[in-house]
Amino acid sequence: MPAILEVTNLTKTYPNGVNAVKGISFSVNKGEVFGILGPNGAGKTTTLEMIEGLRPITSGTVLLDGIKTEEQPYLIKQRIGIQLQSSAFFQNLKLTELLQMFADLYGAKIDTAQLLADVGLQDKAGFLVKNLSGGQKQRFSIATTLVNKPVMIFLDEPTTGLDPQARRNLWELIAQIKNRGTTVILTTHYMEEASFLCNRVAIMDDGRIVALDTPDQLIKQLLAKGFVPHTEVPPATLEDVFIDLTGKTLRD
Ligand SMILES: Nc1ncnc2c1ncn2[C@@H]1O[C@H](COP(=O)(O)OP(=O)(O)OP(=O)(O)O)[C@@H](O)[C@H]1O
């Protein structure tokens, strides 16, 4: 698959001297879900924001869909979708009004009803964002990333704070977006989420990429090093118990 994003020797030094990103290189293939994993402070958000053209690059290059982010930040923003936190939305506009506002910003024509249906919010068109549940807010913010029919969307910790039902529901939504041909780059602290969704993951630590491969290959490499699990892996997890007892139905 051809690369849609090529990041080369990317670095970021903040004005306070923090070297948040220390010369990373990777590429993302068209149509894949690519995950960036890493502990708090590893540099994931800084990396995403430089790729998105929201944060100045200290050095290195980002080539997205053939465009250099630094040279044409406005053109880049027309081609990508960036998930905002729901607190960033005007609280007194209805979902349809907010989607229309985003579409107007891009000069895009949208079918708001279809877009809301795509993220399972067809019944909430007249709602205000503040009256949505956590899972609904996340689904709505993903809908806003799609108004300009982007080639690639960026999701920064899309399921943080959601209950297991809402998290799994969001996984299905992200998988559907991928199946429609949109490339997805996401960050997450949930390894199960990365295993389920990501074709490949980059693991960042202290501003560097320490591993990059498919989840299966990374696990194989660990086992080849003689890894011995600390405890026996149970055939079911507490999350499986939770889902078994409370069902898969969304509560929001
Ligand atoms: N605006 C800023 N000014 C100075 N330092 C910053 C700024 N933003 C982030 N940093 C620092 O850069 C480093 C990387 O932060 P970043 O938010 O990119 O990490 P992250 O991997 O996304 O972390 P998390 O998982 O907690 O979201 C951290 O040491 C952070 O304190």
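## Notes on the predicted model

1. Let's start with Gln83. Leaving out residues up to four places away in sequence, glutamine 83 touches Gln138, Ser141, Ile142, Thr145, Phe154, Leu155, Asp156 and Pro158. Keep in mind throughout that this is a predicted model. Glutamine 83 sits in the loop that runs between β6 (80–82) and α3 (95–106). One of those neighbours also makes a polar contact: the side chains of glutamine 83 and serine 141 are joined at 2.8 Å.

2. Is glutamine 83 buried or exposed? Its relative accessibility is 9%, so glutamine 83 counts as buried, the cut-off for buried being under 20%.

3. Isoleucine 80 is buried because its relative accessible area is 1%, and buried means under 20%. Setting aside neighbours within four places in sequence, isoleucine 80 is in contact with Glu52, Leu64, Tyr106, Asn148, Pro150, Met152 and Phe154. Phe154 also turns up among the residues that glutamine 83 touches. As for leucine 64, it is 16 residues from isoleucine 80 in sequence, and the C-alpha to C-alpha separation is 9.2 Å.

4. Now the ligand. Which residues of its surroundings are closest? They are Asn40, Gly41, Lys44, Thr45 and Thr46, out of 15 residues that surround the ligand. By type, the shell divides into five nonpolar, seven polar and three charged residues. Helix α1 (residues 44–51) supplies the largest share of the shell, three residues.

5. Some distances to check on screen, each to an oxygen atom of the ligand. A polar side-chain atom of lysine 44 lies 2.7 Å away, and a polar side-chain atom of histidine 189 lies 3.0 Å away. Overall, the protein covers 65% of the 640 Å² of accessible area that the ligand has on its own.

6. The buried ones are Lys44, Thr46, Thr47, Leu48, Met50 and Ile51. Lys44 and Thr46 are also among the residues closest to the ligand. After α1 comes glycine 53, whose phi is positive, near 80 degrees.

7. On to the nonpolar packing. The largest nonpolar core has 34 residues, and Phe140, Val184 and Leu186 are the ones that touch the most other members. At least two residues of this core come from each of β3 (33–37), α3, α4 (112–118), α5 (134–145), β7 (152–156), α6 (164–179), β8 (183–187) and α7 (191–197). The largest share, six residues, is from α6.

8. Not counting residues up to four places away in sequence, phenylalanine 140 touches Phe89, Leu95, Leu98, Leu99, Leu116, Leu121, Val129 and Leu132. Apart from this core lies another, of 26 residues, including Ala20, Ile24, Met152 and Phe154. Met152 and Phe154 are the residues already listed as contacts of isoleucine 80.

9. Last, Gly135, which lies in helix α5. With 5% relative accessibility, glycine 135 counts as buried. Between glycine 135 and leucine 218 there are 30 Å in space, C-alpha to C-alpha, and the two are 83 residues apart in sequence.

Note on methods. Residues are numbered from 1 along each chain as its sequence is written. This is a predicted model: local features need pLDDT of at least 70, side-chain atom pairs count only at pLDDT 80 or more; totals for chains, interfaces and linings use all residues. Side-chain values use heavy atoms; hydrogens and water are left out. A residue is near a molecule or strand if one of its heavy atoms lies within 4 Å of it. A polar contact is a pair of N or O atoms within 3.5 Å; within protein, one must be able to donate a hydrogen and the other to accept it, and residues adjacent in sequence count only if both atoms are side-chain atoms. Accessible areas come from the Shrake-Rupley method with a 1.4 Å probe; for residues, only the protein chains shown count as cover. Helices (H or I, at least four residues) and strands (E, at least two) are DSSP runs, numbered from the N terminus. Ala, Val, Leu, Ile, Met, Phe, Trp, Tyr, Cys and Pro count as nonpolar, Asp, Glu, Lys and Arg as charged, and the others, Gly among them, as polar. Buried means under 20% relative accessible area, exposed over 50%, partly exposed in between (1.4 Å probe, protein chains only). Contact means heavy atoms within 4.5 Å. A nonpolar core is a set of buried Ala, Val, Leu, Ile, Met, Phe, Trp, Tyr and Cys residues joined through side-chain atoms within 4.5 Å.
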